[in-house]
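These are my notebook entries on one chain.

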Amino acid sequence: MTPQEFDAFYAASFSRLTGQLYAITGNWSEAQDVVQEAFIRAWDRRRTFDPGNAPEAWIRTTARRLAHSRWRRLARGLHLAGHHHRHEPSTVEPPAEEHLMLVTALRDLPEAQRIALVLHHMCDLSIEQVSAETGAGISTVKSRLARGRTALAARLSDRTPTSEEGKLRV
């Protein structure tokens, strides 16, 4: 990929990838940071990036792994420091209340289900692509999707804002 092609790739996919990582991490600032870091790492590999080999999947996987590593380091640091409360850095408000409700509900799911749902439904990856990106078997991905959808539907129905009459607030 030439520098110009990489710039175009960045411009076309940064926002989408940040939204996807936000759905996985639940933290907008963290999502921006890990996607940016993944692009920095990709810059060094841009000559070997082939648009036909799904470079966006490489960025997403790298960003997801960076977020997971950061979370582990933060958790270990808090444990070592004797702090057992959750530290939430300042975040940018999500674009809509529905998006916030979805991310909040996704946070409650097991990580494997959350990742499968985001990759399949938000990233529009096929089950086979989700399997390849996560390293899980196809039947495992199908199971995670089914269980995740069921759990997510239950959580979202519990969180739907309603008025006293039981109607959805507008």
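**Entry 1: Glutamate 56**

I began with glutamate 56, which I located in helix H3. Helices (H or I, at least four residues) and strands (E, at least two) are DSSP runs, numbered from the N terminus. I noted that the model is predicted: local features need pLDDT of at least 70 and side-chain atom pairs count only at pLDDT 80 or more, while totals for chains, interfaces and linings use all residues. Residues are numbered from 1 along each chain as its sequence is written, and side-chain values use heavy atoms, with hydrogens and water left out.

Is glutamate 56 buried or exposed? I found a relative accessibility of 19%, so glutamate 56 counts as buried. The term buried means under 20% relative accessible area, exposed means over 50%, and partly exposed lies in between (1.4 Å probe, protein chains only).

I then listed the contacts of glutamate 56, leaving aside its neighbours within four places in sequence: Phe9, Ser13, Arg16, Leu17 and Gln20. Contact means heavy atoms within 4.5 Å.

**Entry 2: Salt bridges**

Side chains of opposite charge can pair when their charged atoms come close. I looked up such pairs as salt bridges, each being a side-chain nitrogen of Lys or Arg within 4 Å of a carboxyl oxygen of Asp or Glu. How many salt bridges does the structure hold? I recorded 5 salt bridges.

One of them joins glutamate 56 to arginine 16, with the closest N and O atoms 2.9 Å apart. Glutamate 56 lies in helix H3 (residues 55–81) and arginine 16 in helix H1 (residues 3–25), so this pair ties together parts that are 40 residues apart in sequence. Arginine 16 has 42% relative accessibility and counts as partly exposed. I also noted a network of salt bridges that links Arg16, Glu56, Arg60 and Glu133.

Next I turned to glutamate 37 and arginine 41, whose side chains meet in a salt bridge (3.2 Å, N to O). Both are in helix H2 (residues 28–44), and because they are 4 residues apart, about one helical turn separates them. Glutamate 37 is partly exposed at a relative accessible area of 25%, and arginine 41 is partly exposed at 38%.

I then checked arginine 155, which forms a salt bridge with aspartate 108; their closest N and O atoms are 4.0 Å apart. This pair links distant parts of the chain, 47 residues apart: arginine 155 is in helix H7 (residues 138–159), and aspartate 108 is in the loop between helix H4 (97–107) and helix H5 (111–122). Arginine 155 is partly exposed at 27% relative accessibility, as is aspartate 108, with a relative accessible area of 37%.

**Entry 3: Nonpolar cores**

In soluble globular proteins, nonpolar side chains tend to be buried together. I looked for nonpolar cores, that is, sets of buried Ala, Val, Leu, Ile, Met, Phe, Trp, Tyr and Cys residues joined through side-chain atoms within 4.5 Å. Which residues have the most contacts inside the largest core? In this core of 20 residues they are Phe9, Val35, Phe39 and Ile59. H1, H2 and H3 are the elements that give two or more residues to this core. Its largest share, 7 residues, comes from H2.

For valine 35, I set aside the neighbours within four places in sequence and found contacts with Phe14, Leu17, Thr18, Leu21 and Ala63. I also recorded a second, separate core of 18 residues, which includes Leu117, Leu125, Val141 and Leu145.

**Entry 4: Aromatic pairs**

Rings of Phe, Tyr and Trp (its six-membered ring) pair if their centres lie within 6.5 Å; planes under 30 degrees apart count as stacked, over 60 as edge-to-face and the rest as tilted. By this rule I recorded 8 aromatic pairs.

Phenylalanine 6 is in helix H1 and phenylalanine 39 in helix H2, 33 residues apart. Phenylalanine 6 is buried at 4% relative accessibility, and phenylalanine 39 is buried at 2%.

The rings of phenylalanine 9 and phenylalanine 39 have centres 5.5 Å apart and planes at 55 degrees, so that pair is tilted. Lastly, I noted one aromatic cluster, formed by Phe6, Phe9, Tyr10, Phe14, Phe39 and Trp43.
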